[in-house]
Amino acid sequence: MSDLPPPLIRRIYELVGEATTAWNQVETLWYLIFTGLMDRTERAKVDAVFSMFQTGALQRQLIMTVAPIALKFEVSELRRRNPEHHVRRRMLREIGRLNAKTNDLAGHRNATVHTAFEDWGAAGIHAIGIHRRSRIADQPDKLRYLSELVEDITLLVYELDELRYLMIDWLRTPQEREDKKVGDASMRTLGILLPEDDLRMAKAALLAIVSQRKSPPPSS
């Protein structure tokens, strides 16, 4: 007799693992974005400051405090169509948008790692909270809930990665940007995909899946 759980509950365990792994990527990317904002500061000092904040939520609050200072732009320069200031404003807006999205998904991710899932046969899959009632308990289709959560977190990873690439480009000197542009064009001519290209393709494919949902993503 096999000691393995039934196939449905095994799939749920896999999805919980996927959501957890994807969330680790989210937190890593927020750290990398913070290092970009603090680019002129010694990395050891950057790490020391970041590690003072013990949770992802507090670390993002730190980023939201630093970002307006590091990415300060002038409205007068925007009117003059200064590309540097337009990029700063774009990054600042993206940091705010992605922070809100991360905060929204954090509650769902936390629920998955603090829930025990059990297969009760004809009674279906039950989600049991460890310390209190699980917020997933009333989800009629727990497999779908977790599948969509993995999709949403993965999409967030792609969006954070896009912001990271934009920040890397912003940190380059004008000559470095021009050299990269020439080099990238040459590689694409040879049919070589760049990491940014792969990212855009993966994001587009996932967006197509998410847009086909018959109902909105799971809400609190």
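Which residues of the largest nonpolar core touch the most other members? This is a predicted model, in which local features need pLDDT of at least 70 and side-chain atom pairs count only at pLDDT 80 or more, while totals for chains, interfaces and linings use all residues. Residues are numbered from 1 along each chain as its sequence is written, and side-chain values use heavy atoms, with hydrogens and water left out.

Select Val26, Trp30, Leu37, Ile95, Phe117, Ile153 and Leu160, which touch the most other members among the 43 residues of that core. A nonpolar core here is a set of buried Ala, Val, Leu, Ile, Met, Phe, Trp, Tyr and Cys residues joined through side-chain atoms within 4.5 Å, where buried means under 20% relative accessible area with a 1.4 Å probe and protein chains only. Colour next α1, α2 (43–51), α3, α5 (83–113), β2 (125–129) and α6 (142–171), each of which supplies at least two residues of this core; the largest share, 13 residues, comes from α1. Helices (H or I, at least four residues) and strands (E, at least two) are DSSP runs, numbered from the N terminus.

Now centre on Trp30, which, leaving aside neighbours within four places in sequence, is in contact (heavy atoms within 4.5 Å) with Arg60, Ile63, Ile95, Leu98, Asn99, Thr102 and Leu160.

Trp30 also lines the largest cavity, together with Glu27, Phe50, Gly56, Gln59, Arg60 and Ile63. A cavity is a set of points on a 1 Å grid over the protein atoms alone where a 1.4 Å probe fits but cannot get out, and lining residues have an atom within 4 Å of a point. Four residues of this lining, the largest share, come from α3.

Technical notes. On a 1 Å grid over the protein atoms alone, a cavity is a set of points where a 1.4 Å probe fits but cannot get out, and a pocket is an open set with protein on both sides within 12 Å along at least five of seven lines; lining residues have an atom within 4 Å of a point. Buried means under 20% relative accessible area, exposed over 50%, partly exposed in between (1.4 Å probe, protein chains only).
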